[in-house]
Amino acid sequence: MAVNDSVTPAMGLPVSRAGLWLDRGVPVVLGLVTFGLVLLASQTVFPYLSNNHDEGVYLFHARMLEQGKFWVEPPAHSEFFNAWFLINDGDKLYPKYVPVFPAVLAAADMLFKDMRAALALIGAGTVVAFYFVAREMYR
């Protein structure tokens with residue numbers, strides 16, 4: 001075994017520097033490139049959000065969570081003007097969705113000052129996870 005080689009813990013086989021690059025460098029580069037591309041696409045292709053009506057509810061829910069609220073008081077005469085995907089029980093107005101994804105959006109907004117960062121992190125994480133699954137499948 002040469003000085004530049006190392007041994008994989010799982011198999012006990014020598015690995016070259018190129019093998020270490022595939023193990024460590026490629027997922028990092030893939031994650032960073034994906035993060036940048038998702039941010040770029042979300043800001044240029046969808047600057048005013050997508051055509052999905054759920055998106056506004058998720059953003060509203062995230063803003064509520066940032067303020068520490070799970071519901072808000074309904075506005076006056078709200079029984080005549082119901083919003084989509086919101087539940088109005090007379091005393092409380094709240095989204096019909098579970099708060100997991102809105103909490104991720106709220107955390108991204110608090111950490112990065114932009115909710116789109118959550119989309120980029122999810123996209124990058126998905127690509128890196130897929131890389132590791134594919135590497136295991138075709139080893």
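Select phenylalanine 101. Its relative accessible area is 28%, so phenylalanine 101 is partly exposed (buried means under 20%, exposed over 50%, partly exposed in between, with a 1.4 Å probe and protein chains only). The model is predicted: local features need pLDDT of at least 70, side-chain atom pairs count only at pLDDT 80 or more, and totals for chains, interfaces and linings use all residues. Residues are numbered from 1 along each chain as its sequence is written, and side-chain values use heavy atoms, with hydrogens and water left out.

**Aromatic pairs**

A search of the whole structure gives 5 aromatic pairs. Rings of Phe, Tyr and Trp (its six-membered ring) pair if their centres lie within 6.5 Å; planes under 30 degrees apart count as stacked, over 60 as edge-to-face and the rest as tilted.

Tyrosine 58 is in helix 2 and phenylalanine 101 in helix 3, so the pair ties together parts 43 residues apart in sequence. Helices (H or I, at least four residues) and strands (E, at least two) are DSSP runs, numbered from the N terminus. Tyrosine 58 is partly exposed too, at a relative accessible area of 21%.

Next, pick phenylalanine 85 and tyrosine 97. This aromatic pair is tilted, with 6.0 Å centre to centre and 35° between the planes. Phenylalanine 85 sits in the loop between helix 2 and strand 3 (86-88), while tyrosine 97 sits in the loop between strand 4 (93-95) and helix 3, 12 residues apart. Phenylalanine 85 has 26% relative accessibility and counts as partly exposed.

Now show Tyr58, Trp84, Phe85, Tyr97 and Phe101 together: ring pairs link them into a cluster.

Then go to tryptophan 71. The charged end of lysine 92 sits over its ring, 4.3 Å from the centre (the criterion is NZ of Lys or CZ of Arg within 6 Å of the ring centre and within 35 degrees of the ring normal).

**Helix 3**

Select helix 3. It has 13 residues and reaches 18 Å from first C-alpha to last, close to the 18 Å expected at 1.5 Å a residue. The expected span is 1.5 Å times one less than the number of residues.

Colour the buried residues of helix 3: Pro102, Leu105, Ala106, Ala108 and Asp109. They cover an arc of only 160° around the axis, which puts them on the same side of helix 3 (the arc is that of the directions from the helix axis to the C-beta atoms). On the other side, Val100 and Leu111 are exposed. The buried residues pack against helix 2 and helix 4. Lysine 113 follows helix 3, with a positive phi near 65°.

**Nonpolar cores**

Select Ala62, Leu65, Leu105, Ala106, Ala108, Met115, Ala117 and Ala118. These 8 residues make up the largest nonpolar core, a core being a set of buried Ala, Val, Leu, Ile, Met, Phe, Trp, Tyr and Cys residues joined through side-chain atoms within 4.5 Å. Helix 2 (54-66), helix 3 (100-112) and helix 4 (116-137) each supply at least two of its residues. Helix 3 gives the largest share, 3 residues.

Zoom in on alanine 118. Not counting residues up to four places away in sequence, alanine 118 touches Val104, Leu105 and Ala108; contact means heavy atoms within 4.5 Å.

Last stop: a second, separate core of 6 residues, including Val57, Leu86, Leu93 and Tyr97.
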